[in-house]
Amino acid sequence: MKLVKWCLWLGVLLSTILLIACSKEEKPASAAAPGASEKPAAADPKTKFKGKTLNLLVWEGYADPQFTKGFEDEYGVTIKGTYFGSSDELVAKLKGSGSVYDVVSPSSDVATTLVQSSLVAPLDTAKITSYGDLAPALRDMKDAEKDGKSYGVPFTWGPDYLIYDADVIKEEPKSWNAFFDPKYKGKVSLWDDISNIYLMGQVLGFDKTDPAALYNMTDEQLAQVKKKLVELKPQVRKYWATAGELNDLFKNKEVALAVGWPLTVATLNKEGRNLKAVIPEEGATGWIDRLMISAGSQNKELAELYLDYATRPKTMAKVAEATNYNIANSKAGEHMSADLKKIYVTDAEVYFKRLNFWRHVKNRKGYNELWNEVKGAK
Amino acid sequence: MSALFSKLLRSPRRSLALLVLPPVLWLFFFLVLPYLSLFVQSLLASDELGNVVLRPTTDHYRDLFTRPLYRSTLIYTFEMAAIVTTLTVLLSVPLAYVIAFKVTRYKELVYTLIIVPLWVSYIVRAYAWKIILGRAGILNTFLVYVGVVDKPVEAFLYSQAAVVIGLVHIFTPFVLMPIYSAFEHIPRPLLEASKDLGAGRFTTFRRIVLPLALPGIIAGGTFAFVLTLGDFLAVMLLGGPDTLMISNVVQNLFGTSDDRPLGSAIGIVMLILVLLILEATARAERAFGGTSSGERRIGGVKT
Amino acid sequence: MKQRPAPDVLTPLLWAVAIAVFVFLYLPLLVVIIYSFNPDAVNSFPMRGVSLRWYRVMLADEALMHALGISVAIAIGGTTIGVLLGVPAALALARHEFPGKKLLERVVLLPLTLPGIVTGVAMMSLFPHLGVPLSLKAVLIGHGTFLIAITLTQVYARLKRLDPSIEEASADLGAPPLTTFFRIILPNIRSAVVGSALLSFTLSLDEIPVTFFLIAGDNTLPIEIWTMMRRGISPEVNAISTLIIALSIGLIVISSTLQGRGEGAGR
């Protein structure tokens, strides 16, 4: 018994010491400026990375061979994509294993968190050839900047809108309240993410005077949102965790309407289905995705080359085609078909103004707790 | 080289040290320390950005026992565990009985056949139910095809029923093994004597077989219970909006929600609960005359 | 005096239930196997023909094949660690007395008795602080750790059945301990070691909860399949599942055969 006690105390002591040592050590190993790990520019970039693998930790669809293959061929490397299902998942993964991933694609809601926590590396925007062509509205946003340095390049943006199966629902829904329609009981799907709180906030009209209100709700507002979300539960078939899961739910006719992204509509309609989407009268939230470089990355130079490649007009055109998301480089229109060009270049600015884009949520912990409580409510 | 080693080993103390030290050191750093650090972590706080800071607090344990979310989820999980345990035992006993007492030829083969599903990946077995139970899945389309129902039954998938079916299917072989083993160990002469004394089959079962097999049944039931408590995958694949279990909460806290101290607190509570359950059932098994279940549970291979 | 036997309702009923349970255990697996030959992308009844389409897709799926390779590598590595550390530990427990013996027995079994998720998050919390970041290396160490118990329990049980006087005789005859080990002990525990190695290999291949929390970057096979399922089901999963079922059956057959031979020879 004495031995047991002795071992236990020793163990507690040791683990405490280790945990202390590491809460200070949280800064990733290569937080120094990327320049420190770069080799002299003498070697030709097209050959010096041959055989390497670039690891992307991104939203689904962002490692699609349709546009990544070009990079693989140009530099003789392999691109490996790991997908995450929510912004919070991205932050958790990056904190846990930052040195494994090179390029990440955070949305506007966590851009600030990543920069403040030193999880991403500052960029040398001079190296991004298309930087000047990127939409100023996106490029000049301050949330991805610190001490005058920029930490990310805008990549895509898009809505969280209402998707419905036009074969099942003949008349276009006008409001998010369609979710509550008893006709559709058990046929609804929501994203497993705190963005449902923003959605319900819009339904309750919290952002009518101030768009930022959705991201800074008072306790009373949160209580109202929670009530509505729990009310909605019997209507929901399943909460989807990844876009692929939502694709599946529609593909197998498990659901008839959902909140989702253009990627789902694109993927399913390519396979012959008839999905349609609409921004309801209460409005919709939107997201802006950037490409950033992980602070712990072992391949920062290659990552920077990827950021350069991904923002070129030709690449952006392919991204739009593959994902149906709006892209940040309007010059991409030169490489698109007339139909695509209309959606992604001509009408883009108007569309942009209709969305309430995600912002940094100070009380993110509280929002997450609330969402967990909704999920746990029986 | 071997001579040198042998010299070292000559002293019995030394040879013991050489034998025991490597495994003990490994286990200390990679097993004991992690569990202990989980405990330490559960007593620390986290800051706004979700990083663990060195501020001791018992808030997490307090939250765990007072907040409705965690309390109700824990209770729900225990309910699920009870349901799954009952069903797996009810399914295992008849099948084990038949193989042990009624199958005369190819007994080994039949038993091995039961164990085969056990060795097939968990994920494959959970997936099988996904494609069977879906709205456009095999069961529904079959029922519609033969006219039993006119429209697909939604409740098959993404429901508590689906999770229960999946877990019962996956855990039944685990539960069956100790029960079968217990049946096999009952001395046949006892059964013959009982028959000779005029007892009917049911009486024999009730008064001889069941009491003697009870340790095995308890062991099996314990597996099902503990395994269900720790399961998070079945809910993610087969569950609906209402089927959240405590392990899902832990997984969420260590992933998306990034609140490790709270997750650790729940983990420690689960650890203690499981150890208590194991201790209680081990005692019950011994009381009914069995050996402790620790040795038998290893895979399908006889020990 | 014998009673008149009542009409035997119980036995057929019992058989019916037993067979029903048997079918319940097997049907899903058979369904997966059958539907791996489904030409359609949706799993509906009835199946419209037979096709090897998904097997072709599976073989062409580089990520999946890569994950298979990783799983096998980790299984081999983990089993090796488990055996290399489990055998000495078993020997120590079976043949020596030392303080903390009971503690060691209890501790080593913990990863098997506790839910995998608890072990997984515990390791995930500490390994990075030990200099092992979340990665395949962490997965390897995690697997090795819980596999120690497999080899330990089996070899320990075998050693207990072995008469220690043979080893004593060997020492009395002047053999150094290492020789005694290699020429007396090892041949007798061989079947236990091989059996536990096979079991460890299988357990490692299918391990999910602990791996789930330790992995980053490349995936093992079950995690890769899991990821595929999360991203939207392709019937390709049916094909790889069938492959896994076939592999598992193969391993059991090998294991049983070896066990049977081992037991017979060891007497």
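Modeller: A residue is called buried if 20 or more other C-beta atoms, placed from the backbone, lie within 10 Å of its own, exposed if 12 or fewer do, and partly exposed in between. This is a predicted model, in which local features need pLDDT of at least 70 and side-chain atom pairs count only at pLDDT 80 or more, while totals for chains, interfaces and linings use all residues. Residues are numbered from 1 along each chain as its sequence is written, with chains lettered from A and ligands numbered from 1 in the order in which they are written.

Biologist: What makes A:Asn324 buried or exposed?

Modeller: A:Asn324 has 23 other C-beta atoms within 10 Å, and because the cut-off is 20 or more, A:Asn324 is buried. A:Asn324 also has a positive phi of about 65°, although it is not a glycine, and lies in the loop between helix H12 (313–323) and strand S13 (326–327) of chain A. Helices (H or I, at least four residues) and strands (E, at least two) are DSSP runs, numbered from the N terminus.

Biologist: What makes the buried residues of H8(A) line one face?

Modeller: The buried residues of H8(A) include A:Val225, A:Leu229 and A:Leu232. Seen down the axis, the buried residues fall within an arc of 50°, so they line one face of the helix, the arc being that of the directions from the helix axis to the C-beta atoms. On the other side of H8(A), A:Asp219, A:Glu220, A:Ala223 and A:Glu231 are exposed. The buried residues pack against helix H7 (195–203), strand S9 (236–240) and helix H15 (364–376) of chain A.

Biologist: How many residues does each chain give to the contact between chain A and chain B?

Modeller: Two residues are in contact if their C-beta atoms lie within 7 Å, and the contact takes 30 residues from chain B and 33 residues from chain A. On the side of chain B that touches chain A, the elements giving two or more residues are helix H2 (12–42), strand S2 (52–56), helix H4 (68–102) and helix H12 (246–254) of chain B, and the largest share, 6 residues, comes from H2(B).

Biologist: How does the radius of gyration of chain B stand against the globule rule, and what does that rule use?

Modeller: The radius is taken over C-alpha atoms, and the rule is 2.2 Å times the number of residues to the power 0.38. A compact globule of 303 residues would have a radius near 19 Å, but chain B has 24 Å. The C-alpha trace of chain B spans about 70 × 70 × 40 Å along its principal axes, and buried residues make up 50% of its 303 residues. Chain B has 13 helices and 2 strands.
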